[in-house]
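Biologist: Hello! I have the sequence and the fold open on my screen and would enjoy a walk through them. Could we take them piece by piece?

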Amino acid sequence: MKIVAVIGAGTMGNGIAHTFAQNGFTVKLIDVSEAALEKGMTTIFTNLDRMQNKGSITAEEKMKTISNIICYTDIEDGVVGADLVIEAATENLDLKLRIFKKLNGICPHNVIFASNTSSISITQIAAVVTHPERVIGMHFMNPVPLMPLVEVIRGEKTSDEVTEIIMTLSKKLDKTPVEANDFPGFVTNRILMPMINEAIETLENKVAGVYEIDTVMKLGMGHPMGPLQLADFIGLDVCLSIMNVLHEGFKNPKYAPCPLLVNMVNAKKLGIKSGEGFYDYSESKKAEKISKQFQQN
């Protein structure tokens, strides 16, 4: 396996492309938006610069990584010659099904299809593919270049051979693959999202404030990031989407999204990507923070 196509140049897509390219694969990064591709490549450049400054990679390794990535706006051109296609589009079932239907019509039957979905059924995605045994989940964690886990999800018809190929491939990326079966939320989000949802409900019930809730979980439970800050980092719209998948999949009220989460998404307070969530990430807030640091120094 030498050529990997990645569909979607957003946060997860550019991170996946970066990781494969850094490990010597030819990566074909695909997005219908030129602006998204430019933004994705800028992010990759920035992250590689940061790694070089820290001494974790050399200037030569940085340039080699960049040269391994080719950008496309046309999916048919982008998947030509790919051994593996990884879909990293928005967490939307209809969009993913459209992508996989298209891939089914243009890729040879020996090409493996993977989805980076964090909650949507691999079995449901594979149902629109002629050979569903080649469809698998590769759920990377954010930020992809740094996080060591890949959750490998088997659909009902995913073959043992494809599973073994993806498990081995993940290790070549210096990741630790963990196999999971196809249930709503898999392992990561079945456990993580209800905790985040409970933290939001704790805030809504005025048990404690944002800072206090996150501090308790960081200092008391050893979490590197509080659940509300983590929700901002993931994106509150993504959190809501996953909670809806869990709620619909299990038909259990304990998975119902907190009303405060729903209201914040409706108000476009989505976290870091919108500039405001449980914390303020606006430019004015950044300027205020820099000013305080300058005064302290």
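Biologist: What are the helix and strand percentages over residues 4-182?

Modeller: Keep in mind that this is a predicted model. The unreviewed UniProt entry places "domain: 3-hydroxyacyl-CoA dehydrogenase NAD binding" at residues 4-182. The end C-alpha atoms of that stretch are 24 Å apart. Its composition is 43% helix and 22% strand.

Biologist: And what are the helix and strand percentages over residues 185-281?

Modeller: For residues 185-281 the unreviewed UniProt entry gives "domain: 3-hydroxyacyl-CoA dehydrogenase C-terminal". Here the end C-alpha atoms are 28 Å apart. The chain over this stretch is 62% helix and 0% strand.

Biologist: Let's look at a lysine. Is Lys-96 buried or exposed?

Modeller: Lys-96 sits in helix H5, which spans residues 93-106. Leaving out residues up to four places away in sequence, Lys-96 touches Glu-87, Ala-89, Thr-90, Glu-91, Ser-115, Thr-117, Ile-120 and Ile-125. The relative accessibility of Lys-96 is 1%, and the cut-off for buried is under 20%, so Lys-96 counts as buried.

Biologist: Which backbone nitrogen does the side chain of Asn-104 reach?

Modeller: Asn-104 is found in helix H5 and is buried, with a relative accessible area of 18%. Not counting residues up to four places away in sequence, Asn-104 touches Phe-113, Val-128, Val-129, Thr-130 and Arg-134. At 2.8 Å, its side chain reaches the backbone nitrogen of Thr-130.

Biologist: How many Å separate Asn-104 and Ala-5 in space, C-alpha to C-alpha?

Modeller: Along the sequence, Asn-104 and Ala-5 are 99 residues apart. In space, C-alpha to C-alpha, the separation of Asn-104 and Ala-5 is 14 Å.

Biologist: Now a serine, please. Which residue's backbone oxygen does the side chain of Ser-170 reach?

Modeller: Ser-170 lies in helix H7, residues 160-172, and counts as buried at 0% relative accessibility. Setting aside neighbours within four places in sequence, Ser-170 is in contact with Met-138, Val-150, Val-152, Lys-175 and Pro-177. The backbone oxygen that its side chain reaches, at 2.8 Å, is that of Ile-166.

Biologist: What about backbone angles: near what value is phi of Phe-186?

Modeller: Phe-186 falls in the loop between strand S8 (176-181) and H8. At 4% relative accessibility, Phe-186 counts as buried. Its phi is positive, in a residue other than glycine, with a value near 55°.

Biologist: Is Lys-251 buried or exposed?

Modeller: Lys-251 is located in the loop between H11 and H12. Phi of Lys-251 is also a positive value in a residue other than glycine, near 50°. With a relative accessible area of 69%, Lys-251 is exposed.

Biologist: How many nonpolar residues are in the contact of H8 with H12?

Modeller: Asn-197, Ile-200, Leu-203 and Glu-204 in H8 meet Pro-259, Leu-260 and Leu-261 in H12. By class, one residue of this contact is polar and one is charged, while the nonpolar residues number five.

Conventions: Residues are numbered from 1 along each chain as its sequence is written. This is a predicted model: local features need pLDDT of at least 70, side-chain atom pairs count only at pLDDT 80 or more; totals for chains, interfaces and linings use all residues. Side-chain values use heavy atoms; hydrogens and water are left out. UniProt positions are given in the numbering used here, feature names are shortened, and annotations may be inferred rather than shown by experiment. Helices (H or I, at least four residues) and strands (E, at least two) are DSSP runs, numbered from the N terminus. Buried means under 20% relative accessible area, exposed over 50%, partly exposed in between (1.4 Å probe, protein chains only). Contact means heavy atoms within 4.5 Å. A polar contact is a pair of N or O atoms within 3.5 Å; within protein, one must be able to donate a hydrogen and the other to accept it, and residues adjacent in sequence count only if both atoms are side-chain atoms. Ala, Val, Leu, Ile, Met, Phe, Trp, Tyr, Cys and Pro count as nonpolar, Asp, Glu, Lys and Arg as charged, and the others, Gly among them, as polar.
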